[in-house]
Amino acid sequence: MEIKSVGVIGAGQMGNGIAHVLALADYDVLLNDISQDALNAAISTIEANLSRQASRRKITEEAVSGALKRIRTTLNLPDLGQTDLVIEAATERETVKQAIFEDLQPHLQPHTILTSNTSSISITRLASRTDRPEKFMGFHFMNPVPVMQLVELIRGIATDEETFSACKTVVDKLGKTAASAEDFPAFIVNRILMPMINEAVYTLYEGVGSVQSIDQSMKLGANHPMGPLELADFIGLDTCLAIMNVLHDGLADTKYRPCPLLTKYVEAGWLGRKTQRGFYDYRGDVPVPTR
């Protein structure tokens, strides 16, 4: 099947980035959120990011105006039922995602493909709560979406080949690279990345190094563009904790136990950049380590 229209659920950092790249690739995009303020902020962010790309001569001004015209917004979830492909990019909580798919299901066209941008949750389990497990799969973009080239495509146990091929075609049209991952907790990228971040938090928790020394060591000693604690703040500490809990629960291995310090930061509401405090304090001109 040919996909022409895409519904994106969630207008946050991931959702607006997904809408951005889809519209730039000539897809008609319907962006949904429960908050009008979130939708307004998303459109402003997309416009600013497109303009930045144009100022750097990566895209033309015509591409900017064309992309913005192809994005519509709605507070009404059933409106997305008329699209060919739905990408859910809500918060990383399984109960929230299940509720979204259950509410949307009665309004879908027979051919509509359902996907989730989840970074860790079982695709097979999410699909089993819908009427179309064969047309359901994981569509995991990396953050920030306009910059990162990889998309993980995750089949559930029932996902058919036509659905996978249709989603692979979308990734190709976006100019990104697809990596096919099996449906195991956290898939490929986060199965490797999150334990590294969690170990960096343990290194801080045990007093082996400070925030600054840990990040500097990994940037200069392992040639990482961002230190693991800086990266955790960028991702969101609540998201990091949620993924570690999925790994720990799903694989039943103590090596995936979330560090108590990570849990404490989340309980304090220090979630990283989005709350202005995490392993760094972002409220001043320059980020300052909090430990």
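Reader: Is A186 buried or exposed?

Author: This is a predicted model. A186 has 0% relative accessibility, so the residue counts as buried; the cut-off for buried is under 20% relative accessible area. A186 sits in the loop between β8 (177-181) and α7 (189-205).

Reader: What is the phi of A186?

Author: Most residues other than glycine have a negative phi. In A186 phi is near 75 degrees, a positive value in a residue other than glycine.

Reader: Is N223 buried or exposed?

Author: Exposed is the word for over 50% relative accessible area. N223 has a relative accessible area of 68%, so this residue is exposed. Phi of N223 is near 60 degrees, again a positive value in a residue other than glycine. N223 belongs to the loop between α8 (211-221) and α9.

Reader: Is the peptide bond from N143 to P144 cis or trans?

Author: Most peptide bonds are trans. The bond from N143 to P144 is cis, with omega near 0 degrees. P144 is in the loop between β6 (136-141) and β7 (150-155).

Reader: How should I read helix packing, and at what angle do α2 and α3 cross?

Author: Start with the angle between the axes: over 145 degrees counts as roughly antiparallel, and 65 to 115 as roughly perpendicular. Helix α2 (residues 36-55) and helix α3 (residues 61-69) have axes that come within 9 Å and cross at roughly 165 degrees. The two helices are therefore roughly antiparallel to each other, and their crossing is right-handed. On the α2 side the contact is made by I46, E47, L50 and A54, and on the α3 side by E61, V64, A67 and L68. By class, this contact has 6 nonpolar, no polar and 2 charged residues.

Reader: At what angle do α9 and α10 cross?

Author: The axes of α9 (residues 228-235) and α10 (residues 237-251) come within 6 Å and cross at roughly 100 degrees. That makes α9 roughly perpendicular to α10. A232, D233 and I235 of α9 make the contact with L237, T239 and C240 of α10. These residues divide into 4 nonpolar, 1 polar and 1 charged.

Reader: Which residues of the largest nonpolar core touch the most other members?

Author: This core has 39 residues, and L22, L85, F139 and F141 touch the most other members. Helix α1 (residues 13-24) gives the most to this core, with 6 residues. Another core, of 26 residues, lies apart from it; I243, M244, L262 and Y265 are among its members.

Reader: Which residues does L85 touch?

Author: Not counting residues up to four places away in sequence, L85 touches I3, S5, V6, G7, T112, I113, T115, F139, C167 and V170.

Methods
Residues are numbered from 1 along each chain as its sequence is written. This is a predicted model: local features need pLDDT of at least 70, side-chain atom pairs count only at pLDDT 80 or more; totals for chains, interfaces and linings use all residues. Side-chain values use heavy atoms; hydrogens and water are left out. Axes are lines fitted to C-alpha atoms, for helices over the stretch in contact, and angles run from 0 to 180 degrees between N-to-C directions. Helices (H or I, at least four residues) and strands (E, at least two) are DSSP runs, numbered from the N terminus. Angles under 35 degrees count as roughly parallel, over 145 as roughly antiparallel, 65 to 115 as roughly perpendicular and the rest as oblique. A crossing is left-handed if the near helix is turned anticlockwise from the far one by less than a right angle, and right-handed if clockwise. Contact means heavy atoms within 4.5 Å. Ala, Val, Leu, Ile, Met, Phe, Trp, Tyr, Cys and Pro count as nonpolar, Asp, Glu, Lys and Arg as charged, and the others, Gly among them, as polar. A nonpolar core is a set of buried Ala, Val, Leu, Ile, Met, Phe, Trp, Tyr and Cys residues joined through side-chain atoms within 4.5 Å. Buried means under 20% relative accessible area, exposed over 50%, partly exposed in between (1.4 Å probe, protein chains only).
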